[in-house]
Amino acid sequence: MGLFNKAKRDAAGFCAAATAVAVREGEMTAVKVAEQRLILTRQQGEALAFSALCPHAAADLTRGELHNGRVTCPEHGYKFDVRNGRILYPSDETYRLKRYEVKEEDGQVWVKV
Ligand code: FES
């Protein structure tokens, strides 16, 4: 997992987070953008960004696992769909993974933080 820390921001408020090639299908890339710790991934070709802090009790999701678009928290095993942030397990909880708007431009992945 790569770690990038860039601060370049465009007029629309997107920050350059990583090179596009560093964000690989089904893998997690940890980045720090505007003091926020995020995870970038690519699902079915689309770049996605979500908070590296679990919404349950702020565990570090970079230590979790990502399979089939689902991230599993290493602390209590909660599972979230990274495509929409919805909790998948346990089904009686309402926590939601914080996601960020993403665009790809000029060979970079940009995140609106
Ligand atoms: S801190 Fe992630 S499931 Fe509890």
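Okay, first the ground rules. What you see is a predicted model, so local features need pLDDT of at least 70 and side-chain atom pairs count only at pLDDT 80 or more, while totals for chains, interfaces and linings use all residues. Residues are numbered from 1 along each chain as its sequence is written.

Now the big picture. The protein chain has zero helices and eleven strands; helices are DSSP runs of H or I with at least four residues, strands are runs of E with at least two, and both are numbered from the N terminus. The radius of gyration is 13 Å, which agrees with the value near 13 Å for a compact globule of 113 residues. That radius is taken over C-alpha atoms, and the globule rule is 2.2 Å times the number of residues to the power 0.38. Along its principal axes, the C-alpha trace spans about 40 × 25 × 20 Å.

On burial: 31% of the 113 residues count as buried. Buried here means 20 or more other C-beta atoms within 10 Å of the residue's own, exposed means 12 or fewer, and partly exposed is in between, with C-beta atoms placed from the backbone.

Let's go inside. The largest nonpolar core has 30 residues, and among those touching the most other members are Leu-38, Ala-49 and Val-111. By core I mean buried Ala, Val, Leu, Ile, Met, Phe, Trp, Tyr and Cys residues joined through C-beta atoms within 7 Å. β2 (14-19) gives the most to this core, with five residues. Beyond its neighbours within four places in sequence, Leu-38 is in contact with residues including Ala-17, Val-31 and Tyr-100; contact means C-beta atoms, placed from the backbone, within 7 Å.

Next, β3, residues 29-33. β3 pairs antiparallel with β4 (residues 36-43) over five bridges; DSSP has to find at least two bridges for strands to pair. Ala-30, for one, has Ile-39 as its bridge partner. Two residues sit between the strands of this hairpin, where Ala-34 takes a positive phi near 50°.

Last stop: where is Arg-86? In the loop between β8 (79-81) and β9 (87-89). Arg-86 counts as partly exposed because 13 other C-beta atoms lie within 10 Å. Leaving aside neighbours within four places in sequence, Arg-86 is in contact with Phe-80, Asp-81 and Arg-96. Val-109 is 23 residues away from Arg-86 in sequence and 23 Å away in space, C-alpha to C-alpha.

Methods
Two residues are in contact if their C-beta atoms, placed from the backbone, lie within 7 Å.
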